[in-house]
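Trainee: Could you walk me through reading domains, pockets and backbone angles in a model?
Mentor: Gladly; let us look at it together.

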Amino acid sequence: MTAQDHPLLEFCDVRKEYGGTLAVSGVTLAIPQGQFVALVGASGSGKSTLLKTVNRLVEPSGGSVRFDGEGVENRPLAALRHKIGYVFQSIGLFPHMTVGENIAIGPKLAGDRLSARRIDELLGLVDLDPEMAKRMPDKLSGGQRQRIGVARALANEPQLLLMDEPFGALDPVTRDALGERVRTLHDELTLTTVMVTHDMAEALLLADRVLVMDSGRIVADETPHNLLSGGGGDIAQGLVAVPRAQFERLAELSR
Ligand code: ADP
């Protein structure tokens with residue numbers, strides 16, 4: 001089977017139950033190679049749980065997840081995670097390691113040593129100075145730390161980039177700049193990206209495809225254009241209404 005024969009990522013009736021709580025309730029969907037997908041929804045709708053079934057931070061209670069044509073549960077965990085970059089909100093850099101060592105940790109665990117030149121290149125991808133490699137994480141701003149998190153996620157040249165509220169803790173200017181940088185990297189490195197966010201504006205601006213989750217289900221699967229044209233149903237439109245109303249109020253104020 002060649003790469004063209006199957007989507008890069010497939011969810012087939014994926015469910016996850018925690019005690020009595022159904023966090024993910026039968027999700028079936030396919031994500032082709034190269035797509036930038038935003039997974040949007042209210043807090044507690046199951047976005048993070050669904051995302052984590054891909055890199056096996058969460059074991060589904062039912063159904064299956066296939067990555068590059070093979071069930072994730074059948075792949076050795078280290079090999080699976082080697083192909084999947086993961087960025088999350090509180091990025092968790094190791095405080096006793098330099099920035100360079102933090103970026104090189106994934107390849108090191110897999111037995112590879114990243115060259116200083118490759119670390120420079122990874123820093124460059126996220127618009128950071130090579131000088132940064134020698135610094136310690138506690139001396140950095142939140143935005144710089146998050147950029148390093150993205151560089152670290154790209155160190156293994158992953159096929160898939162998973163991001164869980166990656167910019168949630170950043171100020172709006174940094175958030176906007178880093179979001180655009182990640183979208184550019186997605187295109188330049190021909191990645192496939194799934195980004196969890198509760199921010200519909202961010203999803204509409206960055207993604208090719210927006211999935212809306214509610215109570216563990218995907219209730220809308222639309223392009224940003226279709227959502228902005230009124231598609232996707234009531235829950236999706238409720239989320240689109242928020243940035244739209246803000247924009248209209250700002251436009252009113254500037255008249
Ligand atoms: P979201 O990412 O959309 O905010 P989550 O996937 O984090 O949603 O959570 C979905 C539901 O599952 C919530 O009701 C949450 O409380 C519950 N949940 C998530 N993780 C756990 C866990 N480790 N143990 C118990 N319940 C959990």
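We take domains, then pockets, then backbone angles.

Mentor: This is a predicted model, where local features need pLDDT of at least 70, side-chain atom pairs count only at pLDDT 80 or more, and totals for chains, interfaces and linings use all residues. Residues are numbered from 1 along each chain as its sequence is written, and side-chain values use heavy atoms, with hydrogens and water left out.

Trainee: Which domains does the assignment give?
Mentor: Domain bounds come from an automatic or database domain assignment. Here that assignment gives domain 1 (33–48 + 159–255) and domain 2 (93–157). Their centres, taken over C-alpha atoms, are 26 Å apart. Domain 1 brings 12 residues to the contact and domain 2 brings 11, where contact means heavy atoms within 4.5 Å.

Trainee: What area is buried between domain 1 and domain 2?
Mentor: Buried area is the accessible area (1.4 Å probe) that two parts lose on being put together, summed over both. For this pair it is about 930 Å², with 73% from carbon and sulfur atoms. On the domain 1 side, Leu 178, Arg 181 and Leu 185 supply 43% of the area buried against domain 2, more than any other three residues.

Trainee: How much space lies in the largest pocket?
Mentor: On a 1 Å grid over the protein atoms alone, a pocket is an open set of points where a 1.4 Å probe fits, with protein on both sides within 12 Å along at least five of seven lines; lining residues have an atom within 4 Å of a point. The volume is the space filled by probe spheres set on the points, which are joined across faces, edges and corners. The largest pocket holds about 560 Å³. It has 19 lining residues, and the closest to its centre are Arg 81, Ile 84, Gly 106, Leu 109 and Asn 156.

Trainee: Which element gives the most to the lining of the second largest pocket?
Mentor: Helices are DSSP runs (H or I, at least four residues), as are strands (E, at least two), numbered from the N terminus. The answer is α7, with five residues. This pocket has a volume of about 260 Å³, and its lining includes Arg 175, Asp 176 and Glu 180.

Trainee: And the backbone: where does Ser 215 lie?
Mentor: Most residues other than glycine have a negative phi. Ser 215, not a glycine, has a positive phi of about 45 degrees, and lies in the loop between β9 (209–214) and β10 (217–222). Asp 127 also has a positive phi, near 60 degrees, and sits in the loop between α5 (116–125) and α6 (142–154).
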